[in-house]
Amino acid sequence: MREIKKIFFINFITTSVMLGVYNVFTGIHIKNLGYGEGVVGQVLSVSSISIALGSMINAYLSSKIGFKKTIGIGLGLMCIGIFGVGFLTNPFYIKIFSALMGMGYGFPFSSVGVLLIENSKEDERVKAFSTNFVIQSLGMVGGSYLAGKLIKIFGNIFTISRAIPLVYGVCVFIILLGFLPLKNLKEISKKKDSKNRDFFKGFKDIFSGQSLKFVIYNTVIGFGAGLVIPFFSVYLKFSLNIDNERVGIIMGLSQLGLVIGGLSVPYITKILGRENTVVICQLLSIPFLISIAFPQGIFVLGVSFLLRSTLMNLNQPLIQNISLETVEYENRALMSSVVSMSSNVTRAISMIVAGYLMENISYNFPYYITVVLYLIGTFIFYRSFKVARPLEGGANE
């Protein structure tokens, strides 16, 4: 259990910075520098592609040098990346450091699920994944809320254009805290997983059968998500003219829904089953996504953010668990990375598309496309995962 707590803390630190601060305020930061939504989409696209790249590199390196060292590399890259994004003004260099930020996050991001399985028994895994999801969600809530507060405080002391970079500087120190639990983290994967296995042969196994179906589903959902989610803060700030502090509160509120959802997952799953939970919650989230595109006041908007986020992401611990069940033990790290790659590469492409659509057509248009893609993705999942097989490998085997 001590090892699991260390994994939780590392995930909390990295997601607080990446998802709670970087993803929420980078778009606003770039707009403050005088660039349009097209540049915002390009920067966020670069970071998303880099998460996929970092995940793939981590899958290979972790089989050679272990997760501890690769996570340490990732934390270091995150520090360098977020510092550069915050304090550089040239869009080319911002993209370079955004790539470093994304690549660094890809290392711990693709490691956490595998480490949780390795350090938990089969009957503990739903609880472990759900707890990790709740902790991750709390990190996003705390990161976005506190960042919004700090931006307001720094904005009163310095110029508003310097407030976000200063918050990014604080994030560097937060990331460094991740090295504390990492130092004493114990790994068990090396005892079971031979370093001499054919890493690249795993791709053939993953791109077949149930694992391929999951990758397809994940790709469709990822493309839809990339059209709107990275632009939520820009949409609130520049389309609805909401101030930075309220943007942080609303984005934090949307993440609070993930906490509620994560705590509810074990109970809802007992009633509906894992697969039905995923399908029903994704379908129920769509009306609230439409409501965000046609806001009826700040209160209704906040409620829509809360419920959309809760319903669409409540199933994330289940999806993560299901994805790793589709492959054999030795391919889990690679499968985690491929899932990350399929999601983030398609998100990267859709971010560029969304930036163009929002800048040249309207902020609302990408929402229509996302609704259609969510429906398609949910149908694929329903047809592909009606029956789940037991998970193999782990701390009890």
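Reader: Fine. What kind of model is this?

Author: This is a predicted model.

Reader: How many helices and strands are in the protein chain?

Author: The chain has 17 helices and 0 strands.

Reader: And what share of the residues counts as buried?

Author: The chain has 397 residues, and 58% of them count as buried.

Reader: What about the accessible surface?

Author: That surface comes to about 16000 Å². Carbon and sulfur atoms account for 67% of it.

Reader: What do the contacts say about distance along the sequence?

Author: Take contacts between residues at least 6 apart in sequence. Of these, 86% join residues at least 24 apart.

Reader: OK, helix pairs. How do α1 and α6 cross?

Author: Helix α1 covers residues 2–32, and helix α6 covers residues 160–176. Their axes come within 10 Å and cross at roughly 165°.

Reader: Why are they called roughly antiparallel?

Author: Angles over 145 degrees count as roughly antiparallel. The axes cross at roughly 165°, so α1 and α6 get that label. The crossing is left-handed.

Reader: Which residues make that contact?

Author: From α1, they include Ile13, Val17, Phe25 and Thr26. From α6, they include Ile164, Val167, Tyr168 and Cys171.

Reader: How does the contact split by class?

Author: The contact of α1 with α6 has 13 nonpolar and 3 polar residues. No charged residues take part in it.

Reader: Now α1 and α4. What angle do they make?

Author: Helix α4 covers residues 91–118. The axes of α1 and α4 cross at roughly 150° and come within 10 Å. This crossing is left-handed.

Reader: Who touches whom there?

Author: On the α1 side, the contact includes Ile7, Phe8, Ile10 and Val17. On the α4 side, Met101, Tyr105, Pro108 and Leu115 are among them. By class, this contact of α1 with α4 has 14 nonpolar, 5 polar and no charged residues.

Reader: Single residues now. Where is isoleucine 10?

Author: Isoleucine 10 is found in helix α1.

Reader: Buried or exposed?

Author: Isoleucine 10 has a relative accessible area of 3%. Buried means under 20%, so isoleucine 10 is buried.

Reader: What does isoleucine 10 touch, leaving out residues up to four places away in sequence?

Author: It touches Ile71, Pro108, Gly178, Pro181 and Leu182. Isoleucine 10 and phenylalanine 179 are 169 residues apart in sequence. In space they are 8.1 Å apart, C-alpha to C-alpha.

Reader: And threonine 26?

Author: Threonine 26 lies in helix α1 too. At 0% relative accessibility, threonine 26 counts as buried. Beyond its neighbours within four places in sequence, threonine 26 is in contact with Val21, Val43, Leu44, Val85 and Tyr168.

Reader: What about serine 211?

Author: Serine 211 sits in helix α10, residues 209–228. Serine 211 is buried, with a relative accessible area of 1%. Apart from neighbours within four places in sequence, its contacts are Asp205, Ile206, Thr326, Val327 and Met335.

Reader: Last one. What does isoleucine 268 count as?

Author: Isoleucine 268 counts as partly exposed, at 24% relative accessibility. Its helix is α12, residues 244–272.

Reader: How far is isoleucine 268 from asparagine 315?

Author: The two are 47 residues apart in sequence and 10.0 Å apart in space, C-alpha to C-alpha. Not counting residues up to four places away in sequence, isoleucine 268 touches Gly273, Thr277 and Leu314.

Conventions:
Residues are numbered from 1 along each chain as its sequence is written. This is a predicted model: local features need pLDDT of at least 70, side-chain atom pairs count only at pLDDT 80 or more; totals for chains, interfaces and linings use all residues. Side-chain values use heavy atoms; hydrogens and water are left out. Helices (H or I, at least four residues) and strands (E, at least two) are DSSP runs, numbered from the N terminus. Buried means under 20% relative accessible area, exposed over 50%, partly exposed in between (1.4 Å probe, protein chains only). Contact means heavy atoms within 4.5 Å. Accessible areas come from the Shrake-Rupley method with a 1.4 Å probe; for residues, only the protein chains shown count as cover. Axes are lines fitted to C-alpha atoms, for helices over the stretch in contact, and angles run from 0 to 180 degrees between N-to-C directions. Angles under 35 degrees count as roughly parallel, over 145 as roughly antiparallel, 65 to 115 as roughly perpendicular and the rest as oblique. A crossing is left-handed if the near helix is turned anticlockwise from the far one by less than a right angle, and right-handed if clockwise. Ala, Val, Leu, Ile, Met, Phe, Trp, Tyr, Cys and Pro count as nonpolar, Asp, Glu, Lys and Arg as charged, and the others, Gly among them, as polar.
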